[in-house]
Amino acid sequence: MTIPPDILAVDDTVEVEIEKLIAGGDGLARSQGVPIFVPLSAPGDRLRLRIIERRPSYARAEIVEILQSGPERREAPCEHFANCGGCSLQHIEDEAQTRWKVSAARETLERLGSVAHDVPDRVVRGDSWHYRLRTQLRLEGEPGRASVGYFARASHKLVSVRTCAVLAEPLEEFVVGLAERLDHRVPRRLDAALGDDGAITCGPVLPGLPKGTVSRRVGDFRYEYDARTFFQAHAGLLGEFVEAVVGREEGEVAYDLYAGVGLFALPLARRYRQVVAVEGDSNASRYLRNNAQKAGLANMATIGSAVESWIVQLPEGVDRVVVDPPRQGLSLHVRGALKRLRPKRLTYASCHPAALARDLKALARRFTLESLVYLDLFPQTGHIEIVAQLRSLE
Ligand SMILES: C[S@@+](CC[C@H](N)C(=O)[O-])C[C@H]1O[C@@H](n2cnc3c(N)ncnc32)[C@H](O)[C@@H]1O
């Protein structure tokens, strides 16, 4: 719907009440029929806003003054929250963050994905602080005097941090002491990951910094990875995430597409006679192969390939396909192949509700959606993970 542009123009100020959060974590208010998206707001806040962007059907605004705080607003616990772009929801109580994110995701699935409101679902949450196993740091300055931190919100300006309480404690300690250790070169970006014995690894490789492989046990399996290889970030929810995806079903053949280092493929190989895992990143697929080998899983084949080019090899009517694509979801080509080849059961893990909604809608004529699990893998941010279990209609 297009709303005349003279209603709420850029720089206008307006008083509103925030109704709810939308997918991504911004608050939603309305004024004169215009939906207004407001970062850093909380449901129930009464705010004076300034319009900073006006599109035909909505506006964006920044908070000028909090007239009255919503019931779940709190003082952000982290001293860096005002500027740092790493977190976006610290100003809302932990439990309420999950509740509002789940309700926004449900609404997105219903509105964009035509998902019925009575599909059975459940919500999983874990620790809200000191949970992250990986981080992507930004740096600048001279060796011995570097600034270490994250980009500011909506900017490439560095916010130098003295603490980061979403990181698992050993990783936070490492980040806090990092500047002193950089006495040769200061890269602009440094990735760091934590193993379950407190070991840390970094990429790129730099003198004086830990490097190489770390590992973490989840359920019956040990997974090796490094700082530049994808591994799920929430230390305390890995087991529940695997269980939500893999479940209890057993069968002949399962495919794990976008497999990473094998978080789902290894446990699938205990439940299916044959498992094929496809991963496009060469480093991740090397770890995937090694992790399967070290687990003694002779019934697992690993394929280092983009799913888009490999998918023509997917046979028709297989027992199970698991997909866990990057944020943008499935390509038209992969969706088309899944519709045509109709695996009996399809599991879709997504960290982007709108992409999942689009894909579920496209798959709806061939698959029935049996259940959804919402996992808060990203506390203090607007992100949420969703696992959808689908079954072929024939
Ligand atoms: C969201 S991660 C999921 C990984 C794994 N399922 C897990 O939970 O650890 C997506 C994975 O897909 C891989 N990937 C991205 N685009 C791909 C593509 N077009 N084809 C195959 N793999 C791809 C990435 O390297 C990454 O390992």
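1. Two strands are taken to pair if DSSP finds at least two bridges between them; helices (H or I, at least four residues) and strands (E, at least two) are DSSP runs, numbered from the N terminus. This is a predicted model, in which local features need pLDDT of at least 70, side-chain atom pairs count only at pLDDT 80 or more, and totals for chains, interfaces and linings use all residues. Residues are numbered from 1 along each chain as its sequence is written.

2. β3 and β4 form a hairpin with 2 residues between them, and Gln 32 in the turn has a positive phi of about 50 degrees. Strand β3 (residues 27-31) pairs with β4 in the antiparallel sense over 5 bridges, with Ala 29 opposite Ile 36 in β4.

3. β4 also pairs with strand β6 (residues 58-68), here in the parallel sense over 2 bridges. In this pairing Ile 36 stands opposite Ala 59 in β6. Ile 36 belongs to the covered face of β4 (residues 34-38), together with Val 34 and Val 38, whereas Pro 35 and Phe 37 form the uncovered face.

4. The secondary structure of the protein comes to 9 helices and 21 strands. The C-alpha atoms fill a box of roughly 65 × 60 × 35 Å along the principal axes. For 394 residues, a compact globule would have a radius of gyration near 21 Å, and the 22 Å of the protein agrees; the radius is taken over C-alpha atoms, and the globule rule is 2.2 Å times the number of residues to the power 0.38.

Methods. A residue is buried if 20 or more other C-beta atoms lie within 10 Å of its own, exposed if 12 or fewer, and partly exposed in between; C-beta atoms are placed from the backbone.
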